[in-house]
Amino acid sequence: MTDPGDLVARALAILTEEAGTWRARQAAAPMLPAAGGTKPEPGTGGDPAHVVSVRLTVNGTSHTLSIDARCSLLDVLRERLALTGAKKGCDHGQCGACTVHLDGRSVLSCLTPAVHADGRQATTIEGLSPPAGDMHPMQQAFIDHDGLQCGYCTPGQIMAAVACVNEGHATSQAQIREYMSGNICRCGAYAGIVAAIQDAAPKMAGA
Amino acid sequence: MSDAPFPDVPRSDAHDKVRGAVLFGADDTRPDILHAALATATIGKGRIVALDTSAAGAAPGIRLILTHENLGHVKSAGFLMAGGHAFQSLQPMLSPAIAYRGQPIALVVADTLERAVEAAARVQATYSTEPISVTLDAPGAEIIEQANTPLSKHFPEIIAGDADSAFAAAAVRIDARFTTAPQHHNPMELIATVAEWKDGKLIVHESTQNAEGLRHGLVAALGLLPERVEVISPYIGGGFGQKYAMQMQTVLVAVAARRLGQAVKLVVPRAQIFHDCSFRPAIRHRVRLGADRSGNMVAAIHEVDAQTSRHDLFPAHYGAVSSRLYGIKNFRARARFVRNDVQTPGYMRAPFEHAACFALECAVDELAYSLGRDPVALRLANDTATDAISNLPLSSRHVGECLRRGAERFGWGKRSITPQSMRADDGSFIGWGVAIGAYPCLIAPAVARLRVTVEGGVFISIGAHEMGQGIRTALAAAVARKLGVPAANVSAVIGDTCVSPQHMTAGSWGTASAIPAANEAADAMLNALARLSPRGANGRTPAQILRAVGRAFLEVEVRTKAPGQPDEVYGRIAAGHLSFGGPVYPEFVTFSYSAHFAEVHVEASTCRVRIPRVVSVIDCGRVISPRTAASQVRGGVVWGIGAALREVSEVDSRYGGFLNADLAEYMVPVNADIGCIDVEFIDKPDFKFNSAGVKGLGEVSLVGVAPAIANAVYHATGRRVRNLPIRIEHLL
Amino acid sequence: MRPFTYTKAATAADAVGAMAAAGPGARFLAGGTTLYDLIKLNVETPSAIIDINSLAELDGFDTSGSNELVFGALARMSDVAADERLMRDYPALLESLWMAASPQLRNMASLGGNLLQRTRCGYFRGGEPFACNKRKPGSGCAAREGINRGHALLGGSESCIAVYPGDWAIALSAFDAKVDVLGPTGERTIALEDLYREPGTTPQIETALDSTELILRIRVPATPLGRASTYHKIRDRESFAFALASAAVALQMDADMVRDVRIAVGGVATTPRRARRAEETLVGQPLTARTARAAGEAALHGAMPSAANRFRIELGVRTVADALMIARQRACRR
């Protein structure tokens, strides 16, 4: 059995690494070079006719990427830009875990061909609030009302929740429930999510 | 030590989760990672006669295709419930045999995800097929009595008194048959494996409830040394039992990573998940319940037929809980397996308890109506302090208080007993239903290591897995209270096989296993700190004491196990074997309890069933983390609504597998399905059970919800629906 | 997903020209919520995608006209579902939009694409090994003897009983909508009812559109009937689910008598279905529970149940009846 001292040192290293890795991703986004980097270009060995160049702005940073035309916006965000907040829960637009904002509107990034984001502005959970600053009122409200458990659907819920308020659909509990029904939570945190939105809505600027 | 209730504080990992900062298995996006995709069998049973991967291999960017023809020396890791480590004994791709539709037949690895997926679709298989049997009623299905199998050693027959005679002689008799459909866990996170070989070690990032089991499963499958395998699973995007053992794809991804010398990532698509892991089996029950005229239940017989696979016997332990709901002195349970051509079923949140209590609690409701007794009063009259099966005392049981408190909160006194007698303003029929639930309190051995540092850090390493139940929060709360430090300073390091043996976290035993160990570790730390400063702590924090004596850190280790367990269990957990104890302990029996009250509104014309409110009162011992505990209960109620009214995995017996293999057609509740869920805890510690007084919560929160809803539907409509899920066509 | 080439069209004429030139493996891409979904399932396997989202001339809509409402094919569902004039004058149209899908999908999906959405039949979507004449002509229909709880009661054939799952088309049917399409030889107008084809012996052919044709706009003749209208949708859960049965109903009352009525049913047929027989039973009659039910029965007349979907006949009847009562309440409020 390994020396306990080593193990706890390992524990410390893991904690630092977990936090550090995420902070590194935040600070350096985009982590991956746009072109000519170590990520294999989709055109390698394939038909260049199937590759498209897209220019998209994510969380205020502009990226020009050569992508396989088949790529979803979700996979580009996660695999090319290391923005793993948006999650793949179904890949068919049936669960909402991949929700991001495109030109200010909530969309399902798994069902958005990445080419559709060309020339447009995307906001992900990572861009909702600065890495080392105050959180968005909706994020704080999710904490305060425990609108989460495992956390996997949470980024999508929060992006949908912000849009729900911005698009004027948070005027009653019933309306919130209806407009948040595109985001499935298998842990069943729905009551906390609704309470969080009711709490955050009046605190959001311009709501 | 304070024995006071714990305060309501935020979940400790909420801050990271709302930022999307928590990394799950598939969130590894290093630049040189390779992507994998599975091809799966389209037949229900038979053999691969020819496998053509040439079209797949010709696609651009393909780095490797693994099939049964080239997988190499891989063995099955064995079925976890038979001493192995995997959710089933059949490891796909060891042979051309196909046991169920959806069984993986190839793993394709490419430089991009799109290419891997495309190539996997190009894999061509030719099969010889055999007839299949995929439902309980299938002709020619093999039926086996559990009592006649080796399982009877660990899951003995549940018998007390002479139930058959007592039932025959009972003044009032209920004889009812129930069915519960197959269901799937469907946590939001997709099953995913990232495997890499680094300096001769296999490192696997995969969300699992059993990192040690996964590690030793890889050891067994690939013939590795345990020291050469690490499994890391700090966060799980929903477990519910789906991730209790090694899945089917882990080994395949590990082999691919070794062949290619690069990290490989496989994210299993939702549709494939329906066939790539375990599920809740289809079950049919017969419940016979006998009572005397004053409502004392004198006899119960609970017989169950449950699906299992051809290759494994997944236990059927339903009678273990239906026998413990009340003090019924004459009880007999019987379980039979029906072998089907499916992957091995498994533990899905309250695997036995949800179905068993559905059947029994609906029968109890029928009994109440036969007797003209109020359903709450009838249950209270059959309370008990002793376990009828072992004759041992129950270490704690507050289900009577759960019923009384729940009835009061719900306003049960205003219920008019006749079905269809309560109407809403919109014409809907209102139904009020009640049911209780129970869940065995189990404890797994734990090794806890606690370190305090001069910088003020406190680290507790233990075998545990965080899947949203809030175990990190509970650990932080318990240790913080003991050491007198802020909970925010306490970090729980879990889900990593390098820090501590990572015994499975399941069976609602996580808190009951980890918290007492953490408390003991904290006590040991306090003793160690006292030895460092003999004049006493004097209100100083551990960090201050360390600074005073010039030490950088201090560390302790403790081990805990369930009452009655031998020390051999520590070797078992280090080897990744299931080692829980309970609920029958040497001197007592321990269960958690719930009482659920449901209000349903059944629309008069369309028979749509709405649930505007549920009241749930839970006896789970001391509540360490009130906020996460309340969320667990709400989540359990949502699960109960899904189980009662929404979820069924559809089986077409001509094809096998599950047809509605996506999240549109497999209906879990959405936000608009959920109304008000009012939760209360009895919060009385059970110190006989463990030193922290905690009992399990994650599953008892679901048990009893489905029968409460079914009983409410009866109250609203006059119709007894004995099949789950209850849908419009049952009421129209 | 098979690889495909990707081009963007600048004008409708360009799009049609590009489609004609590209041949049978090409598809128009609007919101993508149907096409991209089916590409991921390998049910659609285009070799070329022609993106039409830049066709600015098609993304507007105008509900202010006194003769007709005009909806560009690329108008987004969520934008139209927020229109206040529609809410006041044609609530059925509005409801058929906001009760569909989820908010995110409604932000992405176009009105034209929504018309062309395809069935949710699990045998169609599931690919191999399921027999499906729509996906693979001649392979059979697994649903007829299989799990058919959600399959069609009306308009089916020996070859196919897949349900048309949309909502917007149902409401449009009730209002005699017309669809303008552009093809290589010019524009033509099709009545919405004539847009859809029942499966017959060719279930793979779902519409009257030529593969090169592009929907430009949907036009709805203005009618005072719109005010007292509703789209009533019954599903297995409260939201984010397809219809088990639905009804779009519009009413004009003369005191207690029905002066004019429109009824279309959804969720129960292979195509959107205007229930003219049901309408005839009501015109000139009082609207009571009995006559509403009779209309529902007429709307479901000729239903051919399979093993598991018989209950949806009764459900459909009641849905029509309930929708009539909701519409009547709206008539009374005027």
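A crossing of two helices is left-handed if the near helix is turned anticlockwise from the far one by less than a right angle, and right-handed if clockwise. By that rule, α6(B) passes α7(B) in a right-handed crossing. This is a predicted model, in which local features need pLDDT of at least 70 and side-chain atom pairs count only at pLDDT 80 or more, while totals for chains, interfaces and linings use all residues. Residues are numbered from 1 along each chain as its sequence is written, chains are lettered from A and ligands numbered from 1 in the order in which they are written, and side-chain values use heavy atoms, with hydrogens and water left out.

**Helix packing in chain B**

- Helices (DSSP runs of H or I, at least four residues, numbered from the N terminus) α6 (residues 211-222) and α7 (residues 250-260) of chain B pack at about 65°, with axes 10 Å apart. Axes are lines fitted to C-alpha atoms over the stretch in contact, and angles run from 0 to 180 degrees between N-to-C directions.
- In contact (heavy atoms within 4.5 Å) are Leu214(B), Leu218(B), Ala221(B) and Leu222(B) of α6(B) with Thr250(B), Val251(B), Ala254(B), Val255(B) and Arg258(B) of α7(B).
- These residues divide into seven nonpolar, one polar and one charged; Ala, Val, Leu, Ile, Met, Phe, Trp, Tyr, Cys and Pro count as nonpolar, Asp, Glu, Lys and Arg as charged, and the others, Gly among them, as polar.

**Helix packing in chain A**

- The axes of α3 (residues 137-144) and α6 (residues 190-200) of chain A come within 8 Å and cross at roughly 135°.
- α3(A) and α6(A) are therefore oblique to each other (under 35 degrees is roughly parallel, over 145 roughly antiparallel, 65 to 115 roughly perpendicular, the rest oblique).
- α3(A) passes α6(A) in a right-handed crossing, and the contact residues comprise eight nonpolar, no polar and two charged.

**Interface of chains B and A**

- Contact involves 79 residues of chain B and 71 residues of chain A.
- The buried area (accessible area, 1.4 Å probe, that two parts lose on being put together, summed over both) is about 6300 Å², with 58% from carbon and sulfur atoms.
- Six salt bridges (side-chain nitrogen of Lys or Arg within 4 Å of a carboxyl oxygen of Asp or Glu) are found across this interface.
- Glu647(B) forms a salt bridge with Arg186(A), the closest N and O atoms being 2.8 Å apart.

**Interface of chains C and B**

- About 2800 Å² is buried between chain C and chain B, 60% of it from carbon and sulfur atoms.
- Ile147(C), Arg237(C) and Glu238(C) lose the most area in chain C, together 25% of what that side buries.
- Of the two salt bridges counted here, one joins Arg610(B) and Glu238(C) at 2.9 Å, N to O.

Technical notes:
Helices (H or I, at least four residues) and strands (E, at least two) are DSSP runs, numbered from the N terminus.
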